[in-house]
Amino acid sequence: MKRYSKFAILIVVIIGSLVWLALGGINESKTYYKTVAELHEMGDRALAKRLRVAGDVEEGSIVRLGREVHFVLRQSDLRLRVIYDGAEPLPDTFRDGAQALADGKMGEDGVFRASKIQAKCASKYEAKPGSEPLRRISRTM
Amino acid sequence: MENLGALAIVLAFTLAVYSVAASLAGKWKGRPYLVISAERAVYAIWFLLSFASALLVYALLTDDFRLAYVAGHSNRDLPILYKFAAWWGGQEGSLLFWSWILASYAAVVVYTNRRRFRDMMPYVTATLMVTMAFFLLLIGFVVSPFKVLAVGREVIAAPDGRGLNPLLQYWAMALHPPALYLGFVGFVVPYAFAMGSLITRQPGDAWIHTTRRWTLVTWGFQSAGILLGAGWAYAVLGWGGYWGWDPVENASLLPWLTATAFLHSVMMQEKKGMMKVWNMVLVSATFILCIFGTFITRSGLISSVHSFAQSPIANYFVVFLALLIAGTTWLILSRLDYLKSESQLESVLSRESSFLFNNLILVASCFAVLWGTMFPVISEAFTGEQITVGPPFFNRVNIPIGLFLLFLTGVGPLIAWRRSSLESLRRAFLWPVVGGLATAAVLLAAGVRHFYALMCFSLCTFVAWTIVAEFYRGARAIRNRMGLNWARAVVELTHRNTRRYGGYVVHMGIVFMFIGFAGAAFNRDTTVEVKIGDSIRLGAYELKIAKLDEGRNPNYSWHHAAVEVYREGRKLDTLHPERRFYFASEQTTSEVAIRRQLNHDLYLNFAGISDETQNAVIQVYIFPLVSWIWIGSAVLFFGTILCLIPSKVKLQYARTEVVGVARQQAPVRP
């Protein structure tokens, strides 16, 4: 068994350091996934955490001011004002009515500061979500 | 017509079920004709599915908008290439495509092994056909590609289709899904042979010898699929990255990692008879992860930027995966006796140990990626809150893993089997290590302070040096002996042992790719609001906005900029970033302009129009060394093809066994 002790030690060292890195990585990038409604319920508790908020982009709310992009995320009648000032360009799928995910932190003024925006097209391939009158009237064969 | 297509699929499903039953019954009752009929069913399935696919492609090419699938994924004005690519452009079609590839693979396997492995083949056929039946169940009864549009009892045709997402209308994106599928589906073959060999308690490694080429081909396709996807993301999506640790990307990476581990660890089994259980686990894990990857991309389980809409097939996948995992685990556990290792590890400084650590680290990486991808699901199950982890998590774990792997890439091939003496280590590694350290020293002197980048460049020199030295030593010997010139000697050397030297070429491709990855540490960018006549400075570049205009055509409206590129007062080029808005899909896309060079890419994106000032917002990026990723990819494929060419000199292994049908033959031990 002595022969294997060197291997055991090396393996433990490697796995150990990877776990340590992984835990650090989780803490650094841990993001709570919330909908606009859940964010409203959280109140002040939302201030400290890194959040990812999901909602629909309100029609006509996207305004580009220099490097910042302002818009409103909504879920039924709840609204959340968002300012995006990240470096990456906005995704092409980000537009009025799209489902968007905003990563960032809640400001004390009630405006969400996003550093990253993802917009969800229903699929990589499926043309358009939502407007599917065709599917409703389709039947097999 | 659509009825014929649907009928073909249902018939194929029935035949797949029959084939499973007949091959198992034939084997158990000792009725060879049943086994033969099961194998013929495999060919019949291939014909039926080819017919169904041909019908679907025909419908796509002739704009038959009565079919829901055609109306959903094509339109009249779509270029013909993309009409054809729409075959795998949507969920139903891509599942048909998956099944068709599987049927083709299965037919080839059954044909090439029709006289071999009579013991094991019924189980191989059965394993392939169980998978086949599962996918045919989906497209036959759950998500049929031949659904027609209808009101009441009347079939109607849509006037025009909704078209293919404009982002996907790019050459790499037409090739990315088929390449990935060829890789995903292909792994069913090694898996089926592994299972067949487990069930029949084969004593040797017949399944590994038979499937080596399959494994390599499918690995090549997986790599191609992943890299084409990365190339597409870089050139089309407009954020300048090629990898974002998105769940769908991760899903394609997971089986690639275990497949890579498998490619290496089979050498241990071939040469030393070690790691038999481990190889079984790896080949099964790879196949299961392939199915899992298909599942993630198809089911919307994890919220992803580009996952498919929620669909009814998720539950089917969960059941199938659970059965696969349970069945495979049980089989391996119940056959542990047959998987005993024939030799043992002797020293940490040995080839065996470098393989061991290579595997450990690849699997650790796979596990970390899987964990990160599934983290929202796991955290929701335990805490009730969905928590996601982002790229920092993946990078923190995978960058050190990548560097360690790179290190092993240099060490592994040169270190001796069993144990190495310090003297032999010194001989093999002295100059490569000096080269690596010298690279680090030069870069430090040049002011590079980024730790991982320094490590990476230094290791790249080290590995490249070892590879070149191997070619040099081998070619010199041949040159002296046969009096050939250098180029001929290198060709001769490679031809004598294509697996070994092809493998080195693949490693060289990996080195080039790492050079490209490390370049990302020095990315620079700026975002500027500009009007005509303004100029932007970034690095040594001065960019002058020569023209800004807009317009529209029937398909889309566009904003366009002509940007003149100057360096040190000299005009180099004019770039044309553009932003389009497609009317049919109401979608905006960026046509980025890239000036590709070996040392860096200049990348311009027309981000939009400022609402306040009506100025154009232009993003400028400099991506150092990124071209080396694509160069490395090409080298990697070239190396994979080299590995597939049969060696001129038949390899003699210390241990070779012939098993299966030729059991009566005495084991050959050269």
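## Contacts around Gly502(B)

Two residues are in contact if their C-beta atoms, placed from the backbone, lie within 7 Å. By this rule Gly502(B) is in contact with Gly639(B), Leu642(B) and Cys643(B), leaving aside its neighbours within four places in sequence. The structure is a predicted model, in which local features need pLDDT of at least 70, side-chain atom pairs count only at pLDDT 80 or more, and totals for chains, interfaces and linings use all residues. Residues are numbered from 1 along each chain as its sequence is written, while chains are lettered from A and ligands numbered from 1 in the order in which they are written.

Gly502(B) belongs to helix α18 (residues 498–519) of chain B; helices (H or I, at least four residues) and strands (E, at least two) are DSSP runs, numbered from the N terminus. Gly502(B) has 21 other C-beta atoms within 10 Å and is therefore buried. A residue is buried if 20 or more other C-beta atoms lie within 10 Å of its own, exposed if 12 or fewer, and partly exposed in between, with C-beta atoms placed from the backbone. From Gly502(B) to Ile641(B) the C-alpha distance is 7.6 Å, although the two are 139 residues apart in sequence.

## Two crossing helices

In chain B, the axes of helix α16 (residues 451–482) and helix α17 (residues 486–496) come within 8 Å and cross at roughly 105 degrees. Axes are lines fitted to C-alpha atoms, for helices over the stretch in contact, and angles run from 0 to 180 degrees between N-to-C directions. α16(B) and α17(B) are therefore roughly perpendicular; angles under 35 degrees count as roughly parallel, over 145 as roughly antiparallel, 65 to 115 as roughly perpendicular and the rest as oblique.

On the α16(B) side, Phe471(B), Gly474(B), Ala475(B), Ile478(B) and Arg479(B) take part, and they meet Trp486(B), Ala489(B), Val490(B), Glu492(B) and Leu493(B) of α17(B).

## Strands in chain B

An open sheet of four strands in chain B has the order β4-β13-β12-β11, with antiparallel pairing. Two strands pair if DSSP finds at least two bridges between them. β4 (524–530) and β11 (593–595) of chain B are at the edges, each with a single partner strand, so one side of each has no neighbour in the sheet. β11(B) pairs with strand β12 (residues 600–609) of chain B over three bridges, in the antiparallel sense, and Ala593(B) stands opposite Leu604(B) in β12(B).

Strand β5 (residues 535–538) and strand β6 (residues 541–552) of chain B run antiparallel and are joined by four bridges. Arg537(B) stands opposite Glu542(B) in β6(B). The hairpin of β5(B) and β6(B) has two residues between the strands, and Gly539(B) there takes a positive phi near 60 degrees.

## Positive phi in two loops

Most residues other than glycine have a negative phi. Met275(B) is not a glycine, yet has a positive phi of about 60 degrees. Met275(B) is in the loop between α10 (247–272) and α11 (276–299) of chain B, and counts as buried with 23 C-beta neighbours inside 10 Å.

Leu625(B), also not a glycine, has a positive phi near 65 degrees. The loop that holds Leu625(B) runs between β13 (616–624) and α19 (627–644) of chain B. Leu625(B) counts as buried, with 23 C-beta neighbours inside 10 Å.
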